[in-house]
Amino acid sequence: MSRVYNFSAGPAVLPEEVLKEVAAEMMDYRGTGMSVMEMSHRSPAFEEIIQTAEQDLRDLMGIPDNYKVLFLQGGAHLQFSMIPMNLMKNRVADYIVTGQWAKRAWKEAAIFGKANKIADSEDQTFSYIPDCSDLPISPDADYVYICENNTIYGTKFHKLPNTKGKLLVSDVSSCFLSEPVDVTQYGLLYGGVQKNIGPAGMVIVIIREDLIGEDTLPGTPTYLKYKIHADNGSLYNTPNSYCIYVCGKVFQWLKAMGGLEVMKERNEKKAAVLYEYLDNSRLFQGSVRKEDRSLMNVPFVTGNKEMDEKFVRAAKDAGLVNLKGHRSVGGMRASIYNAMPLEGVQALVSFMKKFEEENL
């Protein structure tokens, strides 16, 4: 069977060049006589893998020397707890709730202290980003938290909130490495890699060094302290070695493609093809306020549940898979991450046009 166009929100499509390279090295990684899956994380070969991966990520994002890069397990969800455990010194934090994952993070933070919801967009099913230019920032807040790109609802912060001098913490899971970013605007940013970078099972945390310390909340387990991972170069315990290896391959692919400026241009071009069609379609409608649209996740509906289901089934038969929307909102969603080629988006739009003609 030939490869399909995979529009899954995560685990998601990976670059074919990377998959082929990984396949070629599966049985014997560069003369070691073994797969990276079998390799000791303390071996010289793996030490080179993780150090190269970190340096390539630093190069791509322009990460300053006073920020640590941590390759951790537990996915983005564990960060909902680790962040307040490590950063909530005053037991106060402000949260901007623009989707399900930010909402979960806010609820988790409330276990550890006062989590203030200072803005949200739930009144319109998270279909927009609220005005964050003059928020009621708490004077004693340790940080302001956002989920920068909302995978389920297809919204994106195109301008970071005015935190009035407070630390900004951001979940960038579904827009990671999709465009250039000024790391210095954040105290901490993190993302699960399974959406736009690699296979499932890891989160990357980029954290300013002065935020890493011993003064975590009482009762914080050793494993959940950023300091323990920073001090041990992400090797405090056995890491997700194979995931780090594949992510490293993707970092090299991104550099070979021309870096994040080029990826942004590619992503804008792909998104424009799909959004332009949605804006003119008589059957399909986008569900996000135009100025807040994501380049990565594009939700859309017909307004008829049976028609939505019919479309998803027909698209799958045509080799366009994982277009069903998240169970919490229904409809459809096309995730068009870095590794989705323009041809995939064009194939989707062509199919949508055909489906529209046949069902109106």
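Leu177 is buried, with a relative accessible area of 3%, where buried means under 20% relative accessible area, exposed over 50% and partly exposed in between, for a 1.4 Å probe and protein chains only. Leu177 lies in the loop between strand 8 and strand 9, and its phi is near 65 degrees, a positive value in a residue other than glycine. The model is a predicted one, in which local features need pLDDT of at least 70 and side-chain atom pairs count only at pLDDT 80 or more, while totals for chains, interfaces and linings use all residues. Residues are numbered from 1 along each chain as its sequence is written, and side-chain values use heavy atoms, with hydrogens and water left out.

**The chain as a whole**

- The secondary structure of the protein chain comes to nine helices and 14 strands; these are DSSP runs numbered from the N terminus, with helices being H or I of at least four residues and strands being E of at least two.
- The radius of gyration of the protein chain is 21 Å, which agrees with the value near 21 Å that a compact globule of 360 residues would have; the radius is taken over C-alpha atoms, and the globule rule is 2.2 Å times the number of residues to the power 0.38.
- Taken along the principal axes, the C-alpha atoms of the protein chain fill a box of roughly 65 × 60 × 30 Å.
- Of the 360 residues in the protein chain, 56% are buried.
- Among contacts between residues at least 6 apart in sequence, 69% join residues at least 24 apart, a contact meaning heavy atoms within 4.5 Å.
- The accessible surface of the protein chain comes to about 15,600 Å², of which 49% belongs to carbon and sulfur atoms; such areas come from the Shrake-Rupley method with a 1.4 Å probe, and for residues only the protein chains shown count as cover.

- Strand 2 (residues 67–72) is mostly covered, since five of its six residues are buried.
- Strand 10 (residues 203–208) runs antiparallel to strand 2 and is joined to it by six bridges; two strands are said to pair if DSSP finds at least two bridges between them.
- Among the bridge partners in strand 10 are Val205, which belongs with Leu70, and Val203, which belongs with Leu72.
- Five of the six residues of strand 10 are buried, so this strand is largely enclosed by the rest of the structure.
- Strand 9 (residues 188–192) also pairs with strand 10, in the antiparallel sense and over five bridges, and Gly191 stands opposite Ile204 in strand 10.

- Two bridges pair strand 11 with strand 12 (residues 297–301) in the antiparallel sense, and Gln285 has Val301 in strand 12 as its bridge partner.

**Ser294, between strands 11 and 12**

- Ser294 is found in the loop between strand 11 and strand 12, and it counts as buried because its relative accessibility is 0%.
- Leaving aside its neighbours within four places in sequence, Ser294 is in contact with Asn149, Gly154, Thr155, Lys156 and Tyr275.
- The C-alpha atoms of Ser294 and Tyr277 are separated by 15 Å, the two residues being 17 residues apart along the chain.

**Helix 4 and its surroundings**

- In helix 4 (residues 100–109), the residues Gln100, Trp101, Ala102, Ala105, Trp106 and Ala109 are buried.
- The buried residues of helix 4 pack against helix 3 (75–87), strand 3 (92–97), strand 4 (114–120) and strand 5 (144–147).

**Backbone geometry elsewhere**

- Most residues other than glycine have a negative phi, and most peptide bonds are trans.
- The peptide bond from Gly10 to Pro11 is cis, with omega near -5 degrees, and Pro11 has its place in the loop between strand 1 (5–6) and helix 1 (16–24).
- Lys164 is not a glycine, yet it has a positive phi of about 55 degrees.
- Lys164 has its place in the loop between strand 7 (155–156) and strand 8 (168–171), and it is partly exposed, with a relative accessible area of 44%.
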